[in-house]
Amino acid sequence: MKLIRFGEPGRERPGLIVDGGRRIDVSRFGADYDEAFFGSGGVERLARWLAKESPPIVPDGVRLGPPVARPSKIVCVGLNYRDHARETGQAIPAEPVLFFKATTALAGPNDDVVIPKGSTKTDWEVELAVVIGRRASYVERDAALAHVAGYVLHNDYSERSFQLERGGQWVKGKSCDTFAPLGPFLATPDEIPDVHNLRLWLKVNGETKQSGSTKDLVFDVPTLVSYISQFMTLLPGDVISTGTPAGVGLGQKPPRFLVDGDVVELGIDGLGSACQRLRRWNDQ
Ligand code: ZN
């Protein structure tokens, strides 16, 4: 299944993309796509409910929100593609590099992205994100995929001066409002034959900047779910963003950062595409 959430920011309702790309409104099912939904077999219950119902169509032009209601956490993995580690001048890590992104950074896949107040180095990162379906604590690698609800396209926006030049942890450069556009949809694992062979790409103003494959992940999805679960409990609905391949703005020669009016398009095989326009921060 392909899960969407649609409507005004903060008031999204659940939907699905069904055969032929039609978008349907499953509000009558009575549950948003949140921790309670994923943690109680919601995907399977929704499939059974759908077999007996004919939900209304979502009108064209309705905004998409992130396909997961605000999760307890967004865990990100740094330097998880060799070519990206190289372009940033860092060594390939011996163990996964983890950092957090604030959940208030979540945005819809096609929402405007706000260049934060004082920013000079706002950057892009196309990433495969994993959504947790079952509580995961000290999970073995072999059992890890049973804890996955699905996969989703993510742009891990990053302010490089906040991240790298202001001391402390990366979280400062990763958590600004709108810095986590998620979607267009969450694909359940049956929709993705091989999560470790997906092409991912990103363009800025029509020019290709990133073009990679998830076959080049340093640490694969089951390894990451298992590894993270050794340090914290992953709850249903939590998001793990698995890292970005080469071609970020920081790695360009000279570096290229985003400015007001830039348009970023990105996509992953089987997970659709998204388009974000950058606009400068203002306090209105
Ligand atoms: Zn990233």
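Colleague: How many salt bridges does the rule find across the interface of domain 1 and domain 2?

Modeller: One. Keep in mind that this is a predicted model. D111 pairs with R63, and their closest N and O atoms are 2.8 Å apart.

Colleague: And how many residue pairs are in polar contact between domain 1 and domain 2?

Modeller: Two, with both residues of each pair at pLDDT 80 or more.

Colleague: Back up a bit. Where are the domain bounds?

Modeller: Domain 1 covers 2-64, and domain 2 covers 70-280. Their C-alpha centres lie 24 Å apart.

Colleague: What area is buried between the two domains?

Modeller: About 1,100 Å². Carbon and sulfur atoms give 64% of that. On the domain 1 side, K2, F38 and L64 supply 50% of the area buried against domain 2.

Colleague: New topic, the metal. Which residues coordinate the zinc ion?

Modeller: E125 and E127 through OE, plus D156 through OD. The distances run from 1.9 to 2.0 Å.

Colleague: How are the donor residues spaced in sequence?

Modeller: The pattern is E-x1-E-x28-D.

Colleague: Where do E125 and D156 lie?

Modeller: Both are in loops. E125 is between β9 (122-123) and β10 (126-132), while D156 is between β11 (148-155) and β12 (158-159). The pair therefore ties together parts that are 31 residues apart in sequence.

Colleague: Now the backbone. Which residues does the cis peptide bond join?

Modeller: K253 and P254, with omega about -5 degrees. Most peptide bonds are trans. P254 is in the loop between β17 (239-241) and β18 (263-268).

Colleague: What about phi of Y138, positive or negative?

Modeller: Positive, near 50 degrees, and Y138 is not a glycine. Most residues other than glycine have a negative phi.

Colleague: Where is Y138 placed?

Modeller: In the loop between β10 and β11.

Colleague: Quick recap of the zinc ion and the interface, then.

Modeller: The zinc ion has E125, E127 and D156 as its coordinating residues. The domain interface has the one salt bridge, formed by D111 and R63.

Note on methods
Residues numbered from 1 in each chain as written. Predicted model: local features only at pLDDT ≥ 70, side-chain atom pairs only at ≥ 80, totals over all residues. Heavy atoms only, no water. Domains from an automatic or database assignment. Buried area = accessible area lost by both parts, 1.4 Å probe. Salt bridge = Lys/Arg side-chain N within 4 Å of Asp/Glu carboxyl O. Polar contact = N/O pair within 3.5 Å; in protein donor to acceptor, adjacent residues only side chain to side chain. Donors = N, O, S within 2.8 Å, 3.2 Å for Na, K, Ca; no water. Helix = DSSP H or I, 4+ residues; strand = E, 2+ residues; numbered from the N terminus.
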